Amino acid sequence: MTTAHITGFPRIGAQRELKFAVEQFWKGEIDESALAQTGSCLRRQHWQWQKEAGLDFVAVGDFAWYDQMLNASALLGVLPVRFGFDAKNLSLKQYFELARGNVAQPAQEMTKWFDTNYHYLVPELDENSDFSGGVDWFFYEIEEARSLGHTVKPVLPGPLTFLYLAKAKSESKEQAAFDKLSLLPKVLKAYNRILERLAKLGVEWLQLDEPILGLDLESEWLAAFEPAYLSLAHTGPKILLATYFESVSAHVALLRDLPVAGVHLDLVRAPQQLDVFAANWPSSKVLSLGVVDGRNIWVSDLSAILARLQAHRGSNIWLSASCSLLHVPVDLAQETKLDDELKGWLAFAKQKLQEISVLKRALSGADVSAELATNAAKVASRKASPRIHNPAVSARIAALSDADARRHAIFATRQAEQRARFNLPPLPTTTIGSFPQTKEIRAARAAFKKGTLAEADYISQMQAEIRLAVDKQEALGIDVLVHGEAERNDMVEYFGEQLSGFAFTQFGWVQSYGSRCVKPPVLFGDVSRPTPMTVEWTQYAQSLTQKPMKGMLTGPVTILQWSFVRDDQPRSVTTQQIALAIRDEVVDLETAGIGIIQIDEPAFREGLPLKKSDWAAYLDWAAAAFRISASGVANQTQIHTHMCYSEFNDILPAIAAMDADVITIETSRSDMELLTGFGTFKYPNEVGPGVYDIHSPRIPPVEDMLRLIAKAAEVVPVEQLWVNPDCGLKTRNWPETEAALANMLEATRQARQHLSEHGRLPEFAVLTTKSHLHGGCACN
């Protein structure tokens, strides 16, 4: 009998109930018990859906108030010492302070979960980290599910993945970071303690996620798997070791021989694994096959999947999604405004449960011919639809030449012309693009979309917001202004709504980090730009000031990465289509008199394949796509880009190949550590390292930002440096924003004065840390 399960389910709720409850708790509008009730209701609903779909287990432990890695830290009892919290008595208020910071401490560092647009809180470890145990929330949720009659499969990050993704921080600033693997015995002792408790609760299976096996893992980490899992083998429940996001076929012998009861494979990202693993897989060990896409929203071709699985009908297999369904929206049934044809091509998390159920019943010998016929009709409809292809777009792609991806002159020539045009002071200041999205802005946009606010009134209200943002920037003394993006709902959705080839959902929300949810566009067909998208708003903003006004655009790779992308053609081709659409907008902005244009690419590294052998091809077409979007303008037009929460060092040649005149990057949470590679590489163009973290309500003092400016100047020549926040400011309120920017401007004033008087910036003590591997951005 085939077993069906999932490795995780979205936690935000079909109507983003968790987001709203958490934000109410932060504002003091509800208490901890009310928040706990919301969480319980969501868990119960999600478990019930899994049970009703016929799954054999419900996933427990995939729920988190903010992030699953932060939950694991709280469970293991390993919290940043600097906060001074007691892990065993951690309150929800303190839990959120770890994620968001408080008056005394900045938040834990946040970065991308592998190559997804989800962000996790990076655990902080030092030589004396204590794994003696923390809160019991994990066990309470298991008991909650079992009290409702569910068969549970708890889910936790695996011990080696937890340790690998953590950040080593020495207690002494002068001391080099230590080897994280030295903590493995402590980590395993903590995991054994958890397994023992699960055994007492009668839990049969535990899922331990080890996605680091999909990376080019260092030999010492690979060697740690066998002894680590030997130490866990006889303590408690059977272990399902889950891998995802990449092929792990190189480790088939290791995984076959590990003392675990089963292994989960991602057969969407790496379908070729099935033959490799099935060839010599022990009949006593479960092979969990992730055949339904956990990261995209297209309906599965169930007949094709079944044809691949037929040879394994009698094996000890489980069926599942490729990875946690955290990365897709909750329920397609809510989408009442999508046309029937397009809606028929889609499956959200709840519908994917049904797909897994049909596959299970088919392999178990049940008659599912009706379900398969319905599914086949949906698959055929999408393949045959004339909405997908546009001959004019194809012809334009075919006509692209090398000249279309190259500026007219080298950077040194452009830089001289741009400096003559703008005459900016040393350490020019700017922001990344967005300003607070107030409730009034959101209400006006919603009313306009509903048709209850006339277009003229909407434009007037947005212009008032733009005028407010310009006035505040002028008063602060910022050198290069932005219009604030009041009219934009999201940095990708806004553009997708104006490009052909995109469709939009009402409730297709996915979690990006914490309470921050995004609603990715559905990129189903060829992309083009029918009309200008930003020109009138930017022109209006420029008319309000004599200072340079940046045009703000989202880059082609980021639009690709942060959409649900068609899977019927190479991603490189889709990116070229988007790049040409953005190029048209860049040229129109220049024609309208806008001299500085920012093309954000926060997802540039996010798209990087997990295997280094695949990097070169991706980086070539991704950098070329950016250049296509940026290369239609004159030398004196300055092109900026923005990237955030990324480990750049290993791809700096590709970033340099993008040839942006200025790159702004997110560096404050890493204490400028992420900037180091720019100095070593001798990055040729100008750089704006972020000097304060916009994801925290904490307002950093002037001295903190001055220290970061000075630290940046130790790495990058001061004449190449800009000063800016880490990211856009849409999630902050105006009092926080003005206070933080005022401190940033004062820090810049002091830096300029010191530079003028001493020919250099002030010196500060250096903090020593060791970087994590993966990065990304939370700015969308």
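**A close look at β8**

Reply: Happy to! Strand β8 pairs with strand β9 (residues 238–242) in the parallel sense, over five bridges. Within that pairing, Q207 has L240 of β9 as its bridge partner. To get from β8 to β9, the chain passes through helix α8 (residues 219–232), and this β-α-β crossover is right-handed.

Strand β8 also has a pairing with strand β6 (residues 152–157): three bridges join the two, which run parallel. Here P157 stands opposite D209 of β8. As a reminder, strands of a sheet pair through backbone hydrogen bonds, either parallel or antiparallel.

Now for the side chains, keeping in mind that this is a predicted model. How many of the five residues of β8 (residues 205–209) are buried? Five of the five are, so the strand is largely enclosed by the rest of the structure. The cut-off behind that reasoning is a relative accessible area under 20%. As for direction, W205, Q207 and D209 point one way from β8, while L206 and L208 point the other way, and all are buried.

Putting the pieces together residue by residue, Q207 is buried and points the way W205 and D209 do, and its bridge partner in β9 is L240. D209 is likewise buried, and P157 stands opposite D209. So if you follow β8 in the viewer, you will find a strand largely enclosed by the rest of the structure, with parallel bridges to β6 and parallel bridges to β9.

How values were computed
Residues are numbered from 1 along each chain as its sequence is written. This is a predicted model: local features need pLDDT of at least 70, side-chain atom pairs count only at pLDDT 80 or more; totals for chains, interfaces and linings use all residues. Side-chain values use heavy atoms; hydrogens and water are left out. Buried means under 20% relative accessible area, exposed over 50%, partly exposed in between (1.4 Å probe, protein chains only). Helices (H or I, at least four residues) and strands (E, at least two) are DSSP runs, numbered from the N terminus. Two strands pair if DSSP finds at least two bridges between them. A crossover is right-handed if, with the strands pointing away from the viewer, the path from the first strand over the helix to the second runs clockwise.
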